[in-house]
Amino acid sequence: MILNRRRVLCWILASVTLLLVIVSIARTTQDRRIQSGQNDVRKLHDQSDVAKHLRSNDRQTEYIDKHGMHVVVGKYIGSSLQQVTPNFTWSELNANAFDPDENAGAGGEPLYLQRADEIRAKRLWHINKFNIVASDKIPLNRSLQDVRKQSCQSKNYDVKTLPPASVVIVFHNEAWSTLLRTVHSVLNRSPRVLIKEIILVDDYSNRTFLQRPLEEHLVKLSVPTSVLRMTQRSGLIKARLKGAAEATGEALVFLDAHCEVTPGWLEPLLHRIAESRTAIVSPVIDIINDETFAYTKSFSLHWGAFNWGLHFRWFTMSADVLEDFKHDNTRPYRTPVMAGGLFAIDRQQFFHLGAYDDNMEIWGGENLELSFRAWQCGASVEIAPCSRVGHIFRKASPYTFPGGVGAVLHANLARVALVWMDDWSQFFFKVNPLAAKAAEEQDVSKRRDLRRRLQCKDFAWYLDHVWPEHFFPAPDRRLGLLRHQSSALCIQRPARVSETSNQPSGSASLDVCTHGFFVSQLLVQTPEGYLMADESVCLDSPLAAEQQDAAVRFQACAENRRQKWSLDDDSGQVMHVESGKCLSHPAEGTSDAVVLQVCRSAPEQKWTFEVREWKNNMT
Ligand SMILES: [Mn+2]
C-alpha cells in the first residue's frame with residue numbers, strides 16, 4: 001500500500017517536474033568534446049546542418065553549433081523525494097541575506113562559492129531549490145551578454161510605434177535577490193517608453209522581507225511598480241488574472257519571478273503584437289544555472305509541443321517551419337504550444353480570448369489551455385527568436401501545493417482535454433487514468449460556452465493545421481501494438497532513462513504484450529508509413545543501408561524516408577521501405593531482438609498489428 005502510494009507519488013513528481021529542456025554550453029576550447037568535434041564544427045556551417053545533426057545523430061540531445069559551442073539539450077527530473085528537506089527556523093526563512101559583491105556574476109559568468117559558503121548554501125538550497133547564497137552575492141544590476149544572433153542585433157525597431165506594456169510578475173515566497181533581479185533587469189534593458197508599469201502579484205507569501213521592505217524598495221524605482229496581494233494561496237493562474245485585471249498597458253508581458261531579461265528582449269515581442277494583434281509571443285528561454293547563476297544560451301530550432309500525457313516538450317521544429325526560419329532567422333515562428341512562463345499578448349486580445357480558466361488551480365496545464373484556445377479560436381502562438389530571457393530552471397518545486405501536486409495537475413489537464421480536445425480527450429483519458437478520474441469532478445460548462453461563443457475550430461483542425469507532424473492517433477491512422485506472432489511478444493519503445501534525454505531513442509525491444517493502454521508498446525501507424533510512439537520517436541533503422549542484420553531502433557521522428565514501413569496484414573511482413581528488408585525477430589545469431597533481414601516467408605518475420613480503439617464507441 002505504502003509502496004504503491006510512493007510509486008504513484010514518484011510518478012506524479014517526475015511528470016510534474018516539467019517541461020524543462022535545458023541547454024548548457026561549453027565555451028572552453030580546451031574542452032575535449034569540442035576538440036573531438038572540430039570536424040562537426042566545420043561541417044555545421046548553416047542551420048540546416050545543425051538540424052540534420054540533431055535529427056540523425058545517435059545522441060540527439062546534443063550538437064556543436066557553428067561557433068563551436070557544445071549545446072546540450074537535457075531535461076530536469078525532480079528528485080526532491082529522495083532529498084531530505086531540513087526544517088528551517090523562522091529567522092532562516094525570513095532572513096534577507098542579500099549582500100552583493102560588485103562584480104560577482106558580471107556578464108552572466110558563473111559564481112563559484114568559497115568552501116565555507118558552500119556548506120551553508122547546501123542547507124539553504126532547500127528554501128528556494130536554488131543556490132540562494134550565490135544569488136545573494138550577485139548585484140541586482142549585473143550585466144549580461146548580448147546573446148542574440150548578429151541578424152537580431154542589427155535589427156532596428158521604431159519604439160514609438162510599439163504598444164507599451166504592463167509587465168506582470170507573480171511570486172510566492174520568492175527570494176529577494178532573484179525577484180528583484182527580474183525587476184531590475186526589466187528596468188535596465190527595456191526602452192523606458194515601452195514599460196507602462198510593473199505589477200508584482202504576491203500569491204500569499206509569508207516572508208517578512210516581501211512585505212514592507214519590498215514596497216519600500218519599489219517606490220524608489222524609475223517605473224511605476226506596484227504589489228498586489230492575494231488574500232489566500234491562489235496559484236499562478238488566479239494571480240496572473242488579478243495582475244492582468246489591474247494592468248493598463250496596451251500589451252501584457254508575463255514573466256516568472258526568477259528571470260533576467262537580456263538586451264533587446266522586449267522590442268521583438270511588442271513588434272510582433274503591433275504587426276498581428278492576435279499573436280501570443282514568447283521569447284527564447286535561456287538558462288540561468290540554479291547552482292552558479294551562469295547565463296547559458298539555449299538552442300534555437302525547437303518548438304513547444306506535448307506528449308500523450310499532455311506534458312510540455314521541446315521538439316525539433318517541423319521541416320516547413322525550419323525552411324522559413326532559414327530564410328529569415330529573426331522572424332517569430334509558430335509553435336503548437338508555449339512553455340507558459342514568459343509571454344507577451346495584447347491586453348484586449350487576452351480578455352477577448354477568455355484570459356485563463358479560473359477553475360484551474362495553482363499551476364500546470366494552463367499553457368496548453370491557452371495555446372489550444374488561441375489556435376482554435378483564431379489567434380496564434382509564436383516564438384520570437386530575437387528575444388532572449390534567462391530563467392532559473394529548478395530540479396524540484398520549493399512550493400507546497402494545497403491538495404497535492406498530482407491532484408491539481410490531473411484536474412487541470414482533465415479540464416484542458418474536456419474543453420478543447422474533442423475525441424482526443426478519450427485517448428488522453430485512456431492513457432492517463434488518473435486524469436480520467438479527476439475529470440469526473442470537473443464542471444467545464446463555462447469554458448465550453450466560451451468555445452461556442454468564440455466559434456472556435458475543433459481539435460482535428462488544430463492537429464491538421466498547427467501540428468501535422470504530431471504523433472497522436474487520428475481517423476486516418478491506426479493505433480495498436482506490433483505483435484510478433486510466434487513468440488507473442490510486442491515491440492517496445494525504450495523508457496526515458498537519463499536525465500538528459502528528452503526523447504527516448506534506443507533499441508526497439510520485445511516484451512510480453514500488454515493489455516489496455518501501456519504507452520511504451522503503443523504505436524501509431526500513419527498513411528505515410530511512419531510507426532510513431534509517444535514522445536515523438538519513430539521506428540527507424542539508421543544503419544539499414546550499410547549493415548546486414550541492421551538493428552531496429554526508435555529515433556526522433558524526422559519526416560524522412562528511412563522511417564517508413566509498409567505493413568502487409570495478410571503476409572504479416574513489415575517492410576522497411578528504403579532498404580526493402582523486413583522486420584525480423586531472429587531466433588539466434590544476433591544480440592538485437594529486432595533487426596532487418598532479407599524478406600522471406602518465415603515465422604521470424606510474421607507480425608500482427610493489434611489495433612486498440614482510442615475512441616469510445618459513442619459516435
Ligand atoms: Mn519558473
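Predicted model: local features only at pLDDT ≥ 70, side-chain atom pairs only at ≥ 80, totals over all residues.
Numbering runs from 1 along each chain as its sequence is written.

**Overall**
- You're looking at 20 helices and 28 strands (DSSP runs numbered from the N terminus: H or I of at least four residues for helices, E of at least two for strands).
- Of the 619 residues, 47% are buried (20 or more other C-beta atoms within 10 Å of a residue's own; exposed is 12 or fewer, partly exposed in between, with C-beta atoms placed from the backbone).
- Among contacts (C-beta atoms, placed from the backbone, within 7 Å) with a separation of 6 or more, 75% link residues 24 or more positions apart.

**Helix 9**
- Helix 9 covers residues 176–189, and ten of its 14 residues are buried.
- Those buried residues include Trp 176, Arg 181 and Val 186.

**Nonpolar core**
- The largest nonpolar core has 152 residues (buried Ala, Val, Leu, Ile, Met, Phe, Trp, Tyr and Cys joined through C-beta atoms within 7 Å).
- Val 168, Leu 252, Val 253 and Ala 344 touch the most other members.
- Helix 16 (residues 405–420) gives the most to this core, at ten residues.
- Leaving aside residues up to four places away in sequence, Val 168 touches Leu 252 and Val 253, among others.

**Phe 325**
- Phe 325 sits in helix 13 (residues 319–327).
- Phe 325 counts as partly exposed because it has 19 C-beta neighbours inside 10 Å.
- Phe 325 and Pro 385 are 60 residues apart in sequence, with their C-alpha atoms 9.6 Å apart.

Note on methods: Contact = placed C-beta atoms within 7 Å. Expected span 1.5 Å × (residues − 1).
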